[in-house]
Amino acid sequence: MANNSYSGVKNSMVEANHDGEFGCTLNELRSLMELRGAEAIVKIGESYEDIKGLCNRLKTSPIDGLSGQPGDIEKRKTVFGQNLIPPKKPKTFLQLVWEALQDVTLIILEVAAIVSLGLSFYRPPDAERTHCGRAAGGVEDETESEAGWIEGAAILLSVVCVVLVTAFNDWSKEKQFRGLQSRIEQEQKFTVVRGGQVIQIPVAEIVVGDVAQVKYGDLLPADGVLIQSNDLKIDESSLTGESDHVKKTQEKDPMLLSGTHVMEGSGKMLVTAVGVNSQTGIIFTLLGTSEDDEEDEEEKKKEKEEKKKQRKNKQDAAVESRKKAKAQDGAAMEMQPLNSDEAEAEEKKKSSMSKKEKSVLQGKLTKLAVQIGKAGLVMSAITVIILVVLFVVDTFWIQNLPWVKECTPIYIQFFVKFFIIGVTVLVVAVPEGLPLAVTISLAYSVKKMMKDNNLVRHLDACETMGNATAICSDKTGTLTMNRMTVVQAFIAEKHYKKVPEPENIPSSILDMLILGIAVNCAYTTKIMPPEKEGGLPRQVGNKTECSLLGFSNDLKRDYQAIRNEIPEEKLYKVYTFNSVRKSMSTVLKMADGSYRMFSKGASEILLKKCYKILTANGESKVFRPRDRDDMVKKVIEPMASEGLRTICLAYRDFPVSEGEPDWDNENDILSGLTCLCVVGIEDPVRPEVPDAIRKCQRAGITVRMVTGDNINTARAIATKCGILLPGDDFLCLEGKEFNRRIRNEKGEIEQERIDKIWPKLRVLARSSPTDKHTLVKGIIDSTVLEKRQVVAVTGDGTNDGPALKKADVGFAMGIAGTDVAKEASDIILTDDNFSSIVKAVMWGRNVYDSISKFLQFQLTVNVVAVIVAFTGACITQDSPLKAVQMLWVNLIMDTFASLALATEPPTEALLLRKPYGRNKPLISRTMMKNILGQGVFQLITIFTLLFAGEKFFDIDSGRNAPLHAPPSEHYTIVFNTFVLMQLFNEINARKIHGERNVFEGIFNNLIFCSIVFGTFIIQFVIVQFGGKPFSCVALTIDQWLWCTFLGFGSLLWGQVISSIPTSRLKFLKTAGHGTQKEEIPDEELDELSDNDEIDHAERELRRGQILWFRGLNRIQTQMDVVSAFQSGTSFQGALRRQASNSSQQQHDIRVVNAFRSSISLYEGLEKPESRSSIHNFMTHPEFRIEDSEPHIPLIDDTDAEDDAPTKRNSASPRNTTPTPPSPTTVAPTTPVSPSPNQNNNAVESSNHLLPEGPKSGTLSAPGSPLHSLETSL
């Protein structure tokens, strides 16, 4: 244990001095937290007697917590570390520069520039010059030849500019993202007790010795030991991979670990390890996510292995023997620093760090960029070839010159010049600005969305939101204000329409009621005095409970006095609220030894368990089912139809004579209740919600309300919000009815049945989290409409996790939301307000439009520049636009334009159109019309200037100039006009839907204005003072005016284009579709599923290889089949001969199945979840939803844990063939052999397509080409 301290050198120095102050060291606490269950209790008993002993050693009180004095807190931080996991060091600016330099086109340019530089310093003897042909001789005087190096230097300089700009962009993006992450972390607060006061502090401030309150929905921020608990259940899947909820008690298992989720109950814990010393920290350190020394890490790993070995020894010998067998490989033990799940998670973490997030939009863009790049490559190659051929033909054939040795350098110089021209064409053709534009646009939107109360956790969510077609919203807190107040009550057989006076209620009932409210609401919930004079009292904690506490205040009673009398420790047992129980109960032990239980919960559920009710004189009378139906009609339905939530309060006495009840048998305990009262709680609709919902409906987004409330309440609120309009035939269903309608006789969910319901469903009431998940999944998987639905979901509870993850965009509530919900979400609504979702839709659509604007601009420049360079080079043997000029144009159109067009602010007009849908091409036909129209105008202008410009302006022609000729006015005018046309066209590009007024709102975007003016000024400087490096000559004012006039022409021409209706131009095609799943061949999908994300660029480049492999496979299979038929045996015989004898029948089954089931193996693969987040590895609790899918018996159940949400619909019919499990299926870690010759993975291939829960994102892909034998069959 001695070298166990991983706190780095810094802390070990300090440790020696401080050991005396606290009764235990960092090492002791760390080794304590490694233990679980009984071992831990024994260890605490041996070392500290009990938990109180541990508290004393840590100088803290289990009831009042730490004193909270700054000195004490600092000391604890020094000794035991801070609750921070140091982040990985960000890439330095130099690293980013180095990455930017890896760009292929830039490398080619650099090489060309260096060669050009070298050659320009070579001076051939002058005398021979005349023999080297027409092109070589000419006007060149001494000063000119000395300026030869300028071109090379200028190219290098412009490369440096491009690299710096790219690196700076990456750097600022990284910085923004880190800022965002740290903001998310700062927002995370946790409740601790300090100096007897319950306060909320940022997670990073928690220190060892703090007493923290844990409750349902928390993500534990540090390790600790339980001091007191009520019905506490923890989901430890993020650490252990076991998805069962672990029950924690002081007697059996008091160890709470960081990174785990509280799924039920509440309690207090003593913090014993924070930051890098907590369990999460240790794993993060092993993953190398935090910065630290290598040796330290190695030492750590070995340690951990030792510990694991020791622990495994104790646990069981069977595992040990298997381990020994493995250890003989030597490597096997080395490879397991964490247990297998953690190792898997480690792999996943690594892959997700290397792969940046790619969204649908980025996918479409990458694909488009690759296609354009290919075209550019072809063009530039042709340009070079033509130039070289023309030169050679002209010099050696027409002029009939011999190749003279002295002339070689001159010829080489020509070839280098041609090569540079070719490269420049390529540079202009490759739109490297595309990815930049997306990044800028998304980063800008995310930053601005913060102001609109949207905290975006995953960049791509922002753009997905623009395509949303459906929003499934919670009611409480999102549509309503989440400020609950009791407004009606039914007490002592009387229905009060407003809160009754305390005098009107029998005192015995009143006392019982107030006691029940005080103890049966979580002690973390309280009503605080208002912040401002005359304001409303502040509600802290669960809002429904706040309304009850407020009710007790309205009855002029003080609940706090009762709580002081009965502190939380004295409660005998608590059944906390969860989505299954739909009620909460607290048991008190009375002075005479009897027990009294108070319950509160949804009225229709609790009333079914009541058999008595209190009457006006305080007696109880029998409450029959008939009375209950009566009460539902006369009390509950009228309350619900006014939009009130109804809550029933009841109690039950357990007399001494019956002895101690069996507390674990909940059904018995929670029956035979006596009804105290029913209250109606109002939660007013947020004033801005009806308007927001109208906007959504206008924008083609359907809003559905999914709530746990009573159907009448839900219907009333939905009508107030405008989700239900009077006279519409829409469905409002309860969860039970919904389930009855979507399940067949066997109880399985059928997609066809969901399809009949969801288009009309507007309100789903009394729904469980499972129903919410089923609905979201049903809408997403539905094929009723031609466009796939894009669904956004809001959620705040832990139980909403699965639905939030399943949805295309999950919104979590920033105020009311639990940590689990926030972790599963993509965007956090910091004000819990529905109208913020509408803002997110606006921003999402804006991102899409910004990219389209940029594309429209960029492609026009690309087309024109490439064609000009190409034809100019072919006709005049020299590109009219020089390399340096091209690079400047490239800088304008890539970097500056992406900045200018990607930062357009959104307008309300974006909400007036329907969503685009996922498959909408980036370049619509209208945009294509604009691009081609502007292209034609610019080409005509440029070519007119090029071939007739010298007559028009009365200047010397710049065509056919010799090698080092000085720059000409003619070509300067061409260059200047070209740039000015781009500038004016940039204004045209602001509108992409064919609007007439391109100036609308132009001054709202300062960035745009400043960039356009800035570019103009720089252009002026380049032309007037650029001289030789830019191949420019200063122009007169007349020439400038002409250039500007021609440039301005593109604005006028834009108006002409927009007058032509797009519908007339049938020949226009759209471009820039994303790669659809269907287009990807199966084998490839299989390999891609490894990478979590379809990389479009790679796909384009790999398609060739794959087709080649596939061809080979087909031929191979055909040969086998032919030979099989020739030899007279059956088709299966041939296959059987190929397979090894050990698994003949399994192979047959696979072949037969392949024929029998037309369903492809890959059907179940869904949208790739490539979402990396700081907590990614820790905090995706394995949500269990048992009833959402029938469990089809698989070959071996080790692979398919019951994680329906991740399994999706991948259980294809072939999985159901019962075959004996083959040897390989025992350990899921064994690699599947892809070759059909050792064919013991008969049904494995389909089995492995089921992810083993959210952890194993990687599916095993039979990668070998032979694998397609099965697929092609």
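**Helix contact, sheet and annotated spans**

The model is predicted. Helix α26 spans residues 689-698 and helix α33 residues 834-876. Their axes come within 8 Å and cross at roughly 30°. Angles under 35 degrees count as roughly parallel, and α26 and α33 are therefore roughly parallel to each other. Their crossing is left-handed.

Eight strands form an open sheet with mixed pairing, in the order β8-β26-β25-β24-β9-β21-β23-β22. The edges are taken by β8 (454-456) and β22 (731-734). Each has a single partner strand, so one side of each lacks a neighbour in the sheet. On average, neighbouring strands are turned by 20° against each other, direction ignored.

Within this sheet, β24 (residues 791-795) pairs with β25 (residues 809-813) in the parallel sense, over four bridges. Val 793 has Gly 810 in β25 as its bridge partner. Helix α30 (residues 769-781) packs on the sheet. Helix α30 touches β9 (470-473), β21 (702-706), β23 (761-765) and β24. The direction of α30 makes about 165° with that of β24.

An unreviewed UniProt entry annotates residues 377-398, 418-444, 854-875, 931-948, 968-985, 1006-1027 and 1039-1060 as "transmembrane region". Residues 968-985 are 94% helix and 0% strand, with end C-alpha atoms 26 Å apart. Residues 1006-1027 are 91% helix and 0% strand. The end C-alpha atoms of residues 1006-1027 lie 32 Å apart.

Note on methods:
Residues numbered from 1 in each chain as written. Predicted model: local features only at pLDDT ≥ 70, side-chain atom pairs only at ≥ 80, totals over all residues. Heavy atoms only, no water. UniProt positions renumbered as here; feature names shortened; annotations may be inferred. Helix = DSSP H or I, 4+ residues; strand = E, 2+ residues; numbered from the N terminus. Pairing = 2+ DSSP bridges. Axes fitted to C-alpha atoms, helices over the stretch in contact; angles between N-to-C directions. Contact = heavy atoms within 4.5 Å. Parallel < 35°, antiparallel > 145°, perpendicular 65-115°, else oblique. Left-handed = near helix turned anticlockwise from the far one by under 90°.
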